[in-house]
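Welcome! Please take a look at the sequence and the model below, and then let us walk through a few of the details together.

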Amino acid sequence: GCIGVWCPAQREAPFIMENVAGPKDVTCAKFFYQDRLIAAAVGSQLKFFRYAIDLGGGDLDRMRNLSRLSVADQYRTDAQAVTSLDCVNSFLSTIVAWSGSNRQL
């Protein structure tokens with residue numbers, strides 16, 4: 001599964017388009033902790049990614065993409081798959097709600 005971050009109003013190409021899960025599916029991805037992290041449900045794991053976006057300078061710099069995505073933390077769940085994920089992004093909160101395929105919350 002891939003995670004992509006882009007702003008269609010500023011640029012056609014995505015800032016970040018990265019395969020983060022291999023053959024597993026990314027079922028949900030959301031910005032978290034006042035846009036400092038990206039929380040993603042990947043297979044049976046919850047992964048948190050740090051990201052840095054390179055806005056580039058102009059048409060020549062569009063080909064040079066120094067944006068990056070790295071794993072900040074990850075948690076393995078008892079469920080076979082994480083089916084949904086939600087988190088608060090409007091203030092500095094560490095609350096994440098998720099549900100698994102085994103009806104676990």
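Is Phe 32 buried or exposed? Phe 32 counts as buried, because its relative accessibility is 6% and the cut-off for buried is under 20%. Please keep in mind as you read that this is a predicted model.

Four of them form an open sheet, and going across it you meet them in the order 3-4-5-6. The pairing in this sheet is antiparallel. At the edges stand strand 3 and strand 6; each has a single partner strand, so one side of each is left without a neighbour in the sheet. From one strand to the next, the twist averages 25°.

Strand 5 and strand 6 are joined by eight bridges, again in the antiparallel sense. Here you can find Leu 46, which stands opposite Tyr 75 in strand 6.

## Aromatic rings

Now for the rings. A pair of aromatic rings is described by two things, the distance of the centres and the angle of the planes. The structure holds four aromatic pairs. One of them is formed by Phe 32 and Tyr 33, with 6.2 Å from centre to centre and 50° between the planes, and this pair is tilted. While Phe 32 is buried, Tyr 33 is partly exposed, with a relative accessible area of 26%.

Phe 48 and Tyr 75 also form a pair: their ring centres are 6.0 Å apart and their planes are at 80°, so the pair is edge-to-face, as an angle over 60 degrees counts as edge-to-face. This pair links distant parts of the chain, with Phe 48 in strand 5 (residues 45-52) and Tyr 75 in strand 6 (residues 68-76), 27 residues apart. Phe 48 counts as buried at 10% relative accessibility, whereas Tyr 75, at 45%, counts as partly exposed. Together, Phe 32, Tyr 33, Phe 48 and Tyr 75 form one aromatic cluster.

## The loop between strands 3 and 4

Next, follow the chain into the loop between strand 3 (26-32) and strand 4 (37-42), where Tyr 33 lies. Tyr 33 has a phi near 60°, a positive value in a residue other than glycine.

Asp 35 is found in the loop between strand 3 and strand 4 as well. What is the phi of Asp 35? It is about 65°, a positive value although Asp 35 is not a glycine.

## Around Lys 47

Our last stop is a residue of strand 5, Lys 47. Is Lys 47 buried or exposed? Lys 47 is buried, as its relative accessible area is 12%.

Which residues does Lys 47 touch, not counting residues up to four places away in sequence? They are Val 20, Ile 38, Ala 39, Ala 40, Val 42, Asp 73 and Gln 74. From C-alpha to C-alpha, Lys 47 and Tyr 75 are 6.5 Å apart in space, although 28 residues apart in sequence.

Technical notes:
Residues numbered from 1 in each chain as written. Predicted model: local features only at pLDDT ≥ 70, side-chain atom pairs only at ≥ 80, totals over all residues. Heavy atoms only, no water. Phe/Tyr/Trp six-rings, centres within 6.5 Å; stacked < 30°, edge-to-face > 60°. Buried < 20%, exposed > 50% of the residue type's maximum accessible area, 1.4 Å probe, protein only. Helix = DSSP H or I, 4+ residues; strand = E, 2+ residues; numbered from the N terminus. Pairing = 2+ DSSP bridges. Axes fitted to C-alpha atoms, helices over the stretch in contact; angles between N-to-C directions. Contact = heavy atoms within 4.5 Å.
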